[in-house]
Amino acid sequence: MVEFFIDGVPVQAERGQTVMQAAVASGHTIPYFCWHPQLSTPGNCRICMVEVEAEGGAWFDISCNMPVTAGMRVLTDSEKVRELRRDTMQMITLNHPVDCGICNKSGECMLQDHHFAYNGMPSLSRDPKQHATKFHDLSDRIMLDNERCIMCSRCVRFTAEVSKSNALGVQHRGDHSLIRCAADVNFDDDPYSDNVIDICPVGALLSRDLLDHARVWYLKATPSVCPGCERGCSINIWTRKTEWTLRSLDQRLNNRIDRITPLENPAVNGPWVCNKARDLAAIFERPRVTHPLVGGQETSVASAIEAAAALIAAARHPVALVSNWGSNEELAAFHATLAPSFQNFVKHDWQPQPGERLEDDVLIKADKNPNSYAARAIFPLLPSDASSAIPLSTDLVFVWGEGAPMHAIPESAQVVLLTSYALPENTRAHVVLPISIQTERAGHYTNFAGTSTGFSACGPAVATVSDAERLFERLFAAVSSVQAIMTAGVR
Amino acid sequence: MSGQRVFMDFPITATSHTLADYRARGGYEAIGKALREMQPEQVTKEVATAGVLGHGGAAFPAGRKWGVITLNDGQPHYLCMNADEGEPGTFKDRWLLEHTPHLLLEGMLLGAYALQARHTFVYIRGEFDLAYRRLADALEEAYAAGLFGEQILGTDFACDLVIYRGAGSYVCGEASAMLTSLEGKKGYPRNRPPRLTVAGLYQKPTVVNNVETIANVPYIVKHGSARFREIGTPKSPGTQLLSVSGHINTPGVYEVEYGYPFADFLANECGGMLRGATLKCVIPGGISTKVLTAADIMPITMDHQAFLAAGSQIGSQGMIIVAEGTCMVSLLQVMTRFYHHESCGQCTPCREGMGWLEKISNRIVAGRGAPSDIERLYQISRANDGTTICGLGDAAGYATVGILDKYREEFEYYIANGRSMYDGRVEVAV
């Protein structure tokens with residue numbers, strides 16, 4: 001450890017750390033645009049300039065590239081440093097359009113924050129701004145506004161160092177520089193491309209999906225876990241705040257998932273997620289089953305539970321197919337209640353989609369389900385030849401979640417289905433009980449490495465949709481009472 | 001007289017650039033001597049004792065730069081010759097490349113021997129055509145003669161040299177940008193630390209020297225540092241190749257000893273002012289150095305100490321002589337246009353500042369200047385002083401401040417009246 005001083009306060013730094021790293025680790029604030037803890041240090045924005053007091057007179061340099069030496073005295077807020085920052089902010093905003101009023105980044109923009117904190121002056125320039133291309137499609141997902149770009153090169157370094165697609169580069173030079181996609185690379189093929197939107201410190205890189213959907217201050221972030229693969233990346237699911245629900249907006253638009261961003265979690269995903277996580281709305285916002293069905297007819301939850309309990313109690317050779325999208329809590333509840341009544345197997349609710357990247361050494365894992373680790377710790381995996389586990393003698397199959405091999409279920413067997421989505425396979429079930437989805441309940445998933453991460457509910461489910469955990473308890477109670485009656489009848 | 005010569009000591013003929021002619025005038029004797037009689041450290045020590053200062057612009061002692069490299073540290077070292085001569089007004093390296101390429105190759109061999117660099121590089125300016133062909137031909141001759149490759153002159157010493165042509169970027173003349181470009185990337189300068197002598201080309205210890213600096217080495221090795229120190233002044237030993245242009249009668253490249261008085265240089269080598277015009281000012285070492293007025297420069301000698309004392313630098317030895325009657329506002333406009341065009345766009349103050357400087361000077365020249373513009377030019381220059389990754393931003397700032405300090409009244413006149421104090425014609429003395 002090396003001791004040095006930031007604004008007179010002693011700070012402990014690791015050997016080899018830069019002043020910026022030590023400052024961030026010790027809670028001191030030095031502004032930055034181009035620096036990013038997970039990327040290399042280009043030192044091009046120059047806003048992190050600090051003063052170092054020394055015997056032969058003070059000197060100035062960028063803190064992101066300044067190795068800590070023992071006893072050095074760094075000033076982050078001296079008069080000269082403030083002046084340098086003001087000058088740099090003048091330069092950064094010189095050709096930036098400052099069109100915050102119509103910019104999607106507004107409200108979470110580093111440039112706005114720094115301008116407010118370190119400059120606050122209108123531009124000193126009397127000359128017209130340099131114009132550049134706007135609405136440039138870097139890919140089908142990402143739009144680039146070159147006028148807002150401050151050439152921090154974070155996106156370029158991300159594709160070179162993290163996603164390794166080397167998709168982005170800088171064209172031209174000077175104040176004509178443009179971020180562009182390489183001619184021989186399609187940025188759509190980079191499954192991590194949307195991270196550049198998050199790390200862009202200004203409103204230059206924007207998500208086509210969120211573009212002009214909502215100001216960020218209308219939205220709230222709910223911490224959650226991506227169910228896209230067994231990595232289980234931590235994410236924020238952004239939905240409209242209740243107080244900003246608008247009557248003039250369609251109910252669907254008031255309740256939709258507006259966007260999904262990574263939630264930094266060093267143990268699992270760092271600050272990144274892949275594009276599949278961004279597109280979870282495509283999974284979660286599929287048509288739902290909202291009412292219980294018995295024999296294809298809508299009914300009440302109570303009568304559907306009654307019908308299902310009767311089937312379970314009467315079954316001689318029942319098999320249960322357990323969901324690996326169930327949370328740890330739900331799996332434990334199933335294990336404690338219904339599991340003893342069945343021969344249990346874990347099925348894969350979700351299979352890799354055509355064209356989807358199966359696995360890489362960044363984040364993406366091959367198993368496209370969030371909780372296989374926890375499910376398989378309790379129950380055996382359904383063999384790939386499903387019919388070997390579901391013999392012809394099976395008279396009841398209890399299916400939890402989607403993706404069950406319906407073709408492998410003997411025609412004579414009854415099916416009780418707990419599902420969230422209105423899928424064609426639902427017609428095979430005698431009883432369908434609607435269950436809540438991840439965004440409507442809280443719980444935990446355990447990822448491939450055994451790390452548990454929690455998720456919270458973004459909002460409530462409709463009244464006729466229950467949490468699976470609650471259904472297991474009610475079914476268990478109902479089955480028990482049916483069995484008690486049957487036992488009494490026999491006696 | 002301008003004193004002793006290190007480079008221009010032979011008549012230029014149709015064959016004077018060839019290996020045969022170079023050998024005839026004592027060429028490749030220094031490398032023979034070094035390989036036979038000297039250890040690598042001795043070569044470095046000799047260069048350090050000679051006190052030769054870098055000729056690329058910063059005047060850093062070459063021997064000290066070489067001395068930083070640790071020999072036998074188990075990693076490759078690289079030597080790179082900076083022939084990307086792009087500073088406006090400077091064309092002295094071109095003379096060496098065109099007329100005595102073998103001197104440079106011998107210098108590279110000596111450098112490679114001293115630094116234990118197996119691979120050496122010449123990064124040559126893309127616009128240089130004859131210079132490139134002469135150097136490439138010389139290298140071919142040298143390889144054929146066994147002066148490059150394995151077992152040079154029958155010893156274990158091996159060295160290869162690659163000539164790389166730049167693509168026309170000014171900033172690639174900055175050492176770290178040159179190495180980045182040499183690696184095949186966009187020519188962006190790098191932040192220090194690390195220094196290039198620690199992590200340069202391919203992140204290995206690398207020495208980058210100017211063409212003229214390298215050209216001094218064979219002389220030093222052959223004749224000894226003591227003899228070299230007899231030339232020039234005690235603090236600026238040796239000679240300098242001055243490329244001089246502007247309002248003079250005989251522009252060109254001249255070799256003079258350090259310490260040669262400017263007045264003599266102007267009268268003799270330059271042939272006096274063009275058509276008898278009066279000297280207004282001199283941009284002494286490429287446009288990145290501060291301008292010196294006639295009163296500043298006429299009494300001084302041409303060495304580093306005298307120029308520093310006068311408030312400027314020798315820089316890259318590209319001298320531009322400006323006659324009375326020249327509009328300094330227009331001169332600044334030309335200079336800012338150049339810096340704007342050549343800014344690499346990596347770091348903020350230079351990327352935005354250079355364009356801003358040009359916009360302001362364009363507006364003043366168009367007659368739409370505002371009184372606050374002068375203060376703004378100062379502010380942009382100040383914002384670039386020591387805040388950028390490489391020296392381009394600083395240099396533009398120095399040049400701007402240099403002109404503003406000395407000729408502020410011309411700017412005030414231009415802004416107030418919407419036109420220049422001068423009609424654009426060079427004033428000629430009667």
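How many of the 13 residues of helix 9 of chain B are buried? In this predicted model, the count is twelve, so the helix, which spans residues 211–223, is largely enclosed by the rest of the structure. The buried stretch begins with Val211(B), Glu212(B), Thr213(B), Ile214(B) and Ala215(B), continues with Asn216(B), Val217(B), Pro218(B) and Tyr219(B), and also takes in Ile220(B), Val221(B) and Lys222(B).

Leu104(B) touches Val211(B), Ile214(B) and Ala215(B), along with Met81(B), Leu96(B) and Leu97(B), leaving aside residues up to four places away in sequence. Leu104(B) is among the residues with the most contacts inside the largest nonpolar core, a set of 211 residues; Tyr32(A), Cys48(A), Cys80(B) and Leu110(B) are the others named in this group. Helix 6 of chain B, residues 101–115, supplies the largest share of this core, with ten residues. As a general background, nonpolar side chains in soluble globular proteins tend to be buried together.

Turning to the meeting of the two chains, 28 residues of chain B are in contact with 26 residues of chain A. On the chain B side, two or more residues each come from helix 14 (328–342), helix 15 (348–365) and helix 16 (372–383). Helix 15 of chain B gives the most, eleven residues. By class, this side of chain B has twelve polar, ten nonpolar and six charged residues.

Terms used: Residues numbered from 1 in each chain as written. Chains lettered and ligands numbered in written order. Predicted model: local features only at pLDDT ≥ 70, side-chain atom pairs only at ≥ 80, totals over all residues. Contact = placed C-beta atoms within 7 Å. Helix = DSSP H or I, 4+ residues; strand = E, 2+ residues; numbered from the N terminus. Nonpolar A, V, L, I, M, F, W, Y, C, P; charged D, E, K, R; others polar. Core = buried A, V, L, I, M, F, W, Y, C linked by C-beta atoms within 7 Å. Buried ≥ 20, exposed ≤ 12 C-beta atoms within 10 Å, placed from the backbone.
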